[in-house]
Amino acid sequence: MSFTEDQILTLAPDEASKKSGRDLANLSKWVSMGADDKVVWGECKGSGSKPYQTQIDYNQIGFKCSCPSRKFPCKHGIGLALLFARQQDVFTSKKAPAWVVEWIQKRAVQEEKKSEKKEVIVDEAAQAKRQQAREQKVNAGVEELQLLIKDIVRNGIIHMPEKGYLFWEGMAKRMVDAQAPGLAAMVKTLGQTPFYKEGWQSTFVEELLNIHLIISGYKNISSLPELLQKDIRTWIGFTQSQDALKEQNGLQDTWLVLGKQITEEDNITVERNWLYGIKSNQYALVLQFLVRGQGAQLMLSPGMYLEAELVFFPSLTPMRALIKQQINTGAIALRQVYEDWNAVAEMETTLCAQMPVRSERPYVVHQLTPVLHQQKWWLKDAFNRFMQIKDDYKSIWKLLSLSGGEPLTMAVIGKENNYEPIGAWHHNQYKVL
Amino acid sequence: MIESWNNIVHTAMMGTGKRQINETSLPEGLKQSAQALKENFDNQEEQFLGLASLVFNYRQCGVIPFAIQEVKETKAEAEEQAYANELAHQVLHDIIQEDSDGLLSVWLKWCSHYKKIVLPEAIPVIMESAVKNKALQQLVLQCTGKRGAWLATFNDRWRFGDTQTEEEMWQTGTLEQRRKVLQRIRKEDSGKGLALLQSVWSQENAATKSELLKQLVTGLNQEDVPWLETLLSEKSEKVKEAASDLLRRMPHSSIVQQYSKVLRASVKVKEGKKILGIGSKDSLILELPPSVDEAIFKAGVEKLSNQKKFSDQEYIIYQLMEKVPPRYWQDWLQLDADNILALFKNDRNRKYLPALGSAASLFADPDWLSAIIKADENNFYPDVFSLLTQKEREKYALTFLTSDETAPKVIAELITHSTAEWSVALTKAIFQFTAKRPYQYHQSFYHQNIHFIPYGINPELESCTPQDEYSKFTWGKTVEYIQRLLGLKLRTARGFES
């Protein structure tokens, strides 16, 4: 079990923790260190007389430290992990001390409790009433939004750039009031169309049509197949019980964390962790929402491999998933990937035919070469077919440097004909971009 | 399909109140659905939204990859050198996070010394470091191998090496490139360099002439003098000044001869009185002659003194002494350097000693410089640094690091002229000064000069702690910072030696 330094540093909650963690990755700061096949532990000199006791569960990725820091993982955890990544041979003690054994035992008990089925007593009548009230609110919100869309279409979108932030914020808030947070997010996205860019009109119309499709689907939901109903309700903003979901059987596989995208939305950090099941060839999106000051439940680092059981949210095109349980593991070789861009395009066609309103998704594609053509970067497949790399792609130089003009199997994210590589296999090692 | 979509967007722009979708532009496969939509929805907005959604999804489903003909592709050549090991790359990663050019140069030097190269994923970051810090460029070129050279073909900012021939650069390059070519040729063969400049002289404008002329300082010799003398009648003041500046460095040029003539006439030795074989020392009288060649004032000598301790006449003499080779004194007085300097060791003449130091530096006379620093232990001669070896420089610097007045200049000169790590003793002396002045020498000072700071200073850091409470506190933080940087330096060495 081991992680690269980059993987460890992505677990840090902020830049200050990364910096402090690096400072503590220094033998002189640690009074004692040890490791067995599951846990790494150490005692770090602090400002007090008693050193801080720090431990890391490498199988289930968890950190614990006796320091008073509210950050998670704290700088001691990061420092210990970095030291272990660099110099495993100095972790000479193999017998875990009592404070480590106690923690591991507690974690095992907690895991057992989580997997036990919970009996929940539900007042069904009250629940039905709440659901009905919500449906009514959502219906009203949908009607209001449909009127807005029709007004926009009737009068033309030419004046949309003049509307301003408050207009879209106002409408989004009305959707939140209507208990349709998904629609609120779609309205915000519409308002965030880059009106200063050439071609904004096409982007705006696409997003407008997405909203129209969702609300039309919602208005006719009873006539739709069950899974499509679930997709539409998800887009509206109806959630599904994660506890109930976790009780279902999931897909067991060795998953590679292809990449992580982090955004800030209303003071909440949203982590999009893209996973790929090596044996099942299944892709998954695991979301994590972090409020400032709270530690992360999931410790996923791009490039990490884990043996895990994932449960997928029901959908025509399953992507979002929850991790039921995970154990970190070593890398394994890829088995099946998309051979070329035609295969990707065929999948895109299939997915669009099932559900026209879609977000970007990942693909692992065989042997792509980054090439420059007419001042733009493209990815060429093994059959000389090309898809464009997104204009604002920041890792082009790292990608080009890894490639050297040779093809690489890459993990890309995108849709239609615009993609961005998030990782590539270089000399059989997955490198995050 | 593009036409259909554009039709949708144009209609959306104008609004359904003013424009309808042109159904003839729809793909055949959608025409029937379009008709059905018209029949099912009674208002124009719903018809438009329905049809537009159909076209939108038809477009999404129909995406195929591009087939581009004639794409120019190149590949990087295979590497000839081995990559630096994982340990070394781990340190490199930390050095990059630290954003320390000093540590990066240390790492690159180790990498170059062991004839290794960096892994491809690290190349873009260190290329960017070299864009910001030109001093790293040659090292980066050495350590990025064939991959780096190939990447540079895509990014002009990374073209540190010269891809053109010298001939091409001289004929068509930028001024900076032409300067480098001339400098290199002058180093190799000064006559060839002179001929090269002379061959293009008449075609160049004044600004270029003066910049290229300055490069003749490399390999400057007596053979250059006749041509440089002709440039004193050029139209451009810049060119004349550049030529004069070069001629002032040549002992036998007309300018220096002018200075020398006036100075010679200003120097007299008064013999000391002797009685019964015992006498007082000879003394040196410095006095301008009654009439002075006015030409010297046109050739860079100021008439009026700008220093309190010199009268106008004395200041003229001082300037002349700065501009005349010190060896001339040996011819005039038939004495060696030490004895000549002894004549300046009195209250009246001591103030002229720095002028002799400047002259020794201008005419690159290390013997005279050594004699002067021996004779005048109270003044710091920064010009000495460029002529001393590292060991001599350190010995000289240590003498002046204890003085508050001279220590800052000494430190600045050490940073400019040092090419290797300082000794522990020198570093300790520097830190004993800088530790007391945290506002002047904060962490960025140690960050920028870490490549000079030896690891051996570690045990001495505590002993540099100043007395006053505030400086003591900040020094404590600074020590932690220095130790972190030194740790990275040590890890670099270990990374390559393992």
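**View 1. Asp381(A) sits in the loop between strand 11 (376-380) and strand 12 (386-389) of chain A.** This is a predicted model, where local features need pLDDT of at least 70, side-chain atom pairs count only at pLDDT 80 or more, and totals for chains, interfaces and linings use all residues; side-chain values use heavy atoms, without hydrogens and water. Residues are numbered from 1 along each chain as its sequence is written, with chains lettered from A and ligands numbered from 1 in the order in which they are written. Helices (H or I, at least four residues) and strands (E, at least two) are DSSP runs numbered from the N terminus. Asp381(A) is buried but has no salt bridge, and its nearest side chain of opposite charge, Arg385(A), is 4.0 Å away. Buried here means under 20% relative accessible area, exposed means over 50%, and partly exposed covers what lies in between (1.4 Å probe, protein chains only). A salt bridge needs a side-chain nitrogen of Lys or Arg within 4 Å of a carboxyl oxygen of Asp or Glu. For charge, Lys and Arg count as positive and Asp and Glu as negative, while His and the chain ends are not counted. What does the side chain of Asp381(A) reach? It goes to the backbone nitrogen of Trp341(A) at 2.8 Å and to that of Phe383(A) at 2.7 Å. Setting aside neighbours within four places in sequence, Asp381(A) is in contact (heavy atoms within 4.5 Å) with Asp340(A), Trp341(A), Asn342(A), Gln367(A) and Leu368(A).

**View 2. Asp340(A) and Arg385(A) form a salt bridge, with the closest N and O atoms 3.6 Å apart.** The pair links distant parts of the chain, 45 residues apart: Asp340(A) is in the loop between strand 9 (321-329) and helix 11 (341-354) of chain A, and Arg385(A) is in the loop between strand 11 and strand 12. Asp340(A) is buried, at 11% relative accessible area, whereas Arg385(A) is partly exposed at 24%.

**View 3. Two asparagines of chain A have a positive phi: Asn384(A), at about 60°, and Asn428(A), near 65°.** Most residues other than glycine have a negative phi, and most peptide bonds are trans. Asn384(A) is in the loop between strand 11 and strand 12, and is partly exposed at 45% relative accessibility. Asn428(A) belongs to the loop between strand 14 (418-426) and strand 15 (429-432); with a relative accessible area of 77%, Asn428(A) is exposed.

**View 4. The peptide bond between Phe72(A) and Pro73(A) is cis, with omega at about -10°.** Look for Pro73(A) in the loop between strand 4 (62-65) and helix 3 (75-86) of chain A.

**View 5. Asp94(B) and Arg22(A) meet through their side chains in a salt bridge (3.8 Å, N to O).** Asp94(B) lies in helix 4 (residues 86-98) of chain B and Arg22(A) in helix 2 (residues 15-24) of chain A, so the pair joins two chains. Over all chains, the whole structure has 53 salt bridges.

**View 6. Helix 21 (residues 366-375) of chain B has buried residues at Trp368(B), Leu369(B), Ala371(B), Ile372(B), Ile373(B) and Ala375(B).** Their cover includes helix 18 (327-333), helix 19 (337-342), helix 20 (353-362) and helix 22 (390-400) of chain B. Also on show is a salt bridge between the side chains of Asp367(B) and Arg327(B) (3.4 Å, N to O). Asp367(B) is in helix 21 and Arg327(B) in helix 18, so the pair ties together parts 40 residues apart in sequence. Asp367(B) is exposed at 54% relative accessible area, while Arg327(B) is partly exposed at 38%.

**View 7. Leu246(B) lies in helix 14 (residues 237-247) of chain B.** Beyond its neighbours within four places in sequence, Leu246(B) is in contact with Leu213(B), Leu216(B), Val217(B), Leu220(B) and Leu228(B).

Notes
Polar contact = N/O pair within 3.5 Å; in protein donor to acceptor, adjacent residues only side chain to side chain.
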